[in-house]
Amino acid sequence: MNVPKHNPIRPAVPGDIPALKRVIDATDMFPSEMLDDMIADFFNDKENDEIWLTFDSSDDQNNAKAIAYCRPEEMTDRTWNLLLIAVNPDFQGEGIGAALMSHIEDHLAARGQRVLIVETSGTDALARTREFYRLCQYDQESRIRDFYADGDDKITFRKALQS
C-alpha cells in the first residue's frame, strides 16, 4: 500500500469541488454536476452532521484522489449510511478506499455511533465493489430484487462500530 505517512484524509472544502467532480466523472458514479447541491449543506450549515472527506496526498486541492460521504440515517439510533465512496481509477488498489473506510469507522466509533451501512448495486459491473466491502469486513445484510431497475438489485452491507 502506497499511502503517504502524513494523513491525507481530511474534510472536503469548497476549493476541492473541481477535483472531486473529476473523481466522480472518472468512476462514473453519477453526473458530477449533482455534487454542488449534494454537498452544499455540509459547507453552509454548521449544524449539519454529514461527513464529506477527500483523500489528498498534497496541499494542492486539485489533487483529490478520492471522495467519501456519509450521513446519519433518519429515525434510527446512531446508524449511519455511507452514500458515496469513490477512488480515481488511476489510484485504485493502493489502499485509499480502505483507508477512507477505516477513517470513517474510527471517527464514528469514537463518537459512540453504532452501525455503518452501505448500499450498492447487485449488477456484475459492481461485483468488485461488493468484494471491497467484504474485504473491509462488512456483512451482506439484504438484497432487494429489482430495486434500481429490472435486474438491478440493491445490496446492503452492515458493520457494527462498537464491540
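1. Let me start with Asp153, which counts as buried because its relative accessible area is 12% (buried is under 20%, exposed over 50%, partly exposed in between, with a 1.4 Å probe and protein chains only). Asp153 pairs with Arg143 in a salt bridge, their closest N and O atoms being 2.7 Å apart; by salt bridge I mean a side-chain nitrogen of Lys or Arg within 4 Å of a carboxyl oxygen of Asp or Glu. Arg143, at 43%, is partly exposed.

2. A quick caveat: this is a predicted model, where local features need pLDDT of at least 70 and side-chain atom pairs count only at pLDDT 80 or more, while totals for chains, interfaces and linings use all residues. Numbering runs from 1 along each chain as its sequence is written, and side-chain values use heavy atoms, with hydrogens and water left out.

3. On to the other salt bridges; the whole structure has eight. One of them joins Arg114 and Asp77 at 3.7 Å, N to O. Arg114 sits in the loop between α3 and β5 and Asp77 in the loop between β3 and β4, so this pair ties together parts 37 residues apart in sequence. (Helices, H or I of at least four residues, and strands, E of at least two, are DSSP runs numbered from the N terminus.)

4. Lys159 and Glu105 also meet in a salt bridge, at 3.0 Å, N to O. With Lys159 in strand β7 and Glu105 in helix α3, the pair ties together parts that are 54 residues apart in sequence. Have a look at the burial here: Lys159 is buried at 15% relative accessible area, and Glu105 is buried at 11%.

5. Finally, two loop residues to check by eye. Asp28, in the loop between α1 (17–27) and α2, has a positive phi near 55 degrees although it is not glycine. Asp28 counts as exposed because its relative accessibility is 68%. Met75 is another non-glycine residue with positive phi, near 60 degrees; Met75 lies in the loop between β3 (64–72) and β4 (79–87) and is exposed at 86% relative accessibility.
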